[in-house]
Amino acid sequence: MRSLAAALLLLTLGTPALAHEPLVKPPPVGYRFEPIPPLGNNLPWSYRARYNRPTYIGGKIAYYIAPSSQEAMSWHENVHRGAYANHAGRIEPLYLYPKPWEALPVGPRTPVTPEVE
């Protein structure tokens, strides 16, 4: 029992003696050479980004799987517009409607029932 206690005492008290001093100044960091640089913005644009519509085959597949998806509805609209058949470029639809505050009448509401005097 005495030897077990002595071994535990030596293990617990001797462990901090094995630790090293903390480094005051961090070691210098060398430059890491990268043979393949990051591509980033040098990649070519995707079909979707270039033409603002999905590819014909991808859109057709999406139309049969989920017709209410954004890609399928965009494909359907561009097929009816003739964008794929005519090899049209980028199409950005413009919606030129009056703003709600321009379309609503300004002023007090008209009375529904006649006023009684």
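Student: Which helices do the buried residues of H4 pack against?

Tutor: Helices are DSSP runs of H or I, at least four residues, numbered from the N terminus. Buried means under 20% relative accessible area, exposed over 50%, partly exposed in between (1.4 Å probe, protein chains only). Contact means heavy atoms within 4.5 Å. Here, the buried residues of H4 pack against helix H2 (47-51) and helix H3 (56-65). This is a predicted model: local features need pLDDT of at least 70, side-chain atom pairs count only at pLDDT 80 or more, and totals for chains, interfaces and linings use all residues. Residues are numbered from 1 along each chain as its sequence is written, and side-chain values use heavy atoms, with hydrogens and water left out.

Student: Which residues of H4 are buried?

Tutor: Ala72, Ser74, Trp75 and Asn78. Viewed down the axis of H4, they fall within an arc of 165 degrees, so they line one face of the helix. The arc is taken from the directions from the helix axis to the C-beta atoms. On the other side of H4, Gln70 and His80 are exposed.

Student: What is Asn78 in contact with, beyond its neighbours within four places in sequence?

Tutor: Arg53, Ala83, Tyr84 and Ile91. Asn78 sits in H4, residues 70-81, and has a relative accessible area of 4%, so Asn78 is buried. A polar atom of its side chain lies 2.8 Å from the backbone oxygen of Ser74.

Student: What follows H4?

Tutor: Gly82, with a positive phi near 85 degrees.

Notes
Helix = DSSP H or I, 4+ residues; strand = E, 2+ residues; numbered from the N terminus. Polar contact = N/O pair within 3.5 Å; in protein donor to acceptor, adjacent residues only side chain to side chain.
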